Amino acid sequence: MKLSLLFRANRKRLAQAVLLLHCFVVTVHSAFSQTLSPQAKISLITVAPGDELYTSFGHTAFWVSDPMYGIDKVYNYGTFDFRTGNFYLKFLRSTLPYYVSVYPMPHQLYASQIENRSVKEQILNLSATQRQRLYTLLETNALPENREYRYKFFYDNCATRPRDMLVKACGDSLRYGNVVDSTKSYRDWMNEHIMQHPWARMGMNLGIGYPADITASSWQAMYLPENLYHEAERAQLKTPEGRPTPLVANSLFLFRAVTVEESNAFLRYLLSPDFVFAGLLVAVFLITRRQQKRQSRGFWLDRWLFGFSGVWGWFLLFLWFFTDHGVTAWNPAVLFLMPLHIPLIFWITRQNNPQTIRTYFLLTMVGLVAFFLYAFYQDYLYGFNFFLLTLLYRAYYQYRFASTQTEKLTYARS
């Protein structure tokens, strides 16, 4: 009996010892796994722009590779979930949560190959301390409680986050080269990357306001992955001895995209907003000429044109006041797509007061010309210029017609 009790007590102590040993091993392994070996490397990964609109600006990620401890992690700051509730409303309002995702490099390469997007690697020339600090920052940022962030197109995205992480890891020893053109605005850089998407380019230019027209410094221009790539190529690190050394030890291609023949340029032009709105301008011109010959005002056409503009004007006001993008405020496009056309165009055109109609279309012309001058100065008259001319032409016609009626009334009264 005593022997049995002794055996049970010893077995219990043995189990406790094994449990403590297991916890100790797990703890040591966990702590040890957070320390990179001397063979570890951290690289800046740049994925070239793709054919789809959401891939037009390219992508940046960090790759941490440590063969001694089997670490192969790509830290991606551009991830969101399509299954999020009210996805499109949150996307429009800039409240859609973005988060850091971590996966092995083969997954990144496979996705890029499927989309035929080149992948470039810049192996960073970091000291052991800087590598460890950067890895710790990335791991901390990838924790469930830290990984979500509020995406800002120009200010906080998949390229600005790696840029800022490098500064945190390297401190004052890092100096970017300021080699990116610092005379362009945020809008200029954006337009260079969406040339192949004319409808999207038109919509994005109308949707963003004055903040996009501010000149971006070389630091700010690194909101685009390609600009970050070029800045990293020329960046310098100071060693503890004070000697400058390149930030990038080596640059290479992990995958080169296959050259694809461009689609029919003429067909693409036929489907572009320039061609569509040019056709609309011609149609409106012919209808207006017919009305001139008949001495008719024909407000039905103006209700369609300015009513359509008013609907989109209210949408621009929604982006201005009810979203948090940071670049859709102070939008001069409301002078072009004036929200008050809804309901004013329907109310004004039902009045029999030529003076009221004349004043309304005069103010409309002033707004259109003011916006045209601003857009011309900022060089973003993409796609909508013919539609703007259409509205201006109809406003001028109705203004002249109302002026004639006013002159007749004045003459009759005198």
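Two strands pair if DSSP finds at least two bridges between them. Strands (E, at least two residues) and helices (H or I, at least four) are DSSP runs, numbered from the N terminus.

This is a predicted model: local features need pLDDT of at least 70, side-chain atom pairs count only at pLDDT 80 or more, and totals for chains, interfaces and linings use all residues. Residues are numbered from 1 along each chain as its sequence is written, and side-chain values use heavy atoms, with hydrogens and water left out.

**Strand pairs**

Strand β8 (residues 236–238) runs antiparallel to β9, and 3 bridges join them. Q236 stands opposite P246 in β9. These strands belong to an open sheet of 3 strands, in the order β7-β8-β9, with antiparallel pairing. Its edge strands are β7 (174–175) and β9 (244–246), and each pairs on one side only.

β2 and β3 form a hairpin with 4 residues between the strands. There, G70 takes a positive phi near 70°.

**Cover on β2**

Is strand β2 (residues 59–66) mostly covered or mostly open? It is mostly covered: 8 of its 8 residues are buried. Buried means under 20% relative accessible area, exposed means over 50%, and partly exposed lies in between (1.4 Å probe, protein chains only). In a regular strand the side chains alternate between the two faces of the sheet. In β2, both faces are covered. H59, A61, W63 and S65 are buried on one side. T60, F62, V64 and D66 are buried on the other.

L301 is found in helix α11 (residues 299–321). L301 counts as buried because its relative accessibility is 7%. It touches V284, I287 and R394, leaving aside residues up to four places away in sequence. Such a contact means heavy atoms within 4.5 Å. L301 and I287 are 14 residues apart in sequence, and their C-alpha atoms are 8.8 Å apart in space.

F275 lies in helix α10 (residues 273–294). F275 counts as partly exposed because its relative accessibility is 39%. Together with W199, Y269 and V276, F275 makes a nonpolar surface patch of about 380 Å². Patches are made of residues with over 30% relative accessible area and no salt bridge; like charges are joined within 9 Å, nonpolar side chains (Val, Leu, Ile, Met, Phe, Trp, Tyr) within 5 Å. A salt bridge is a side-chain nitrogen of Lys or Arg within 4 Å of a carboxyl oxygen of Asp or Glu.

Notes: Accessible areas come from the Shrake-Rupley method with a 1.4 Å probe; for residues, only the protein chains shown count as cover.
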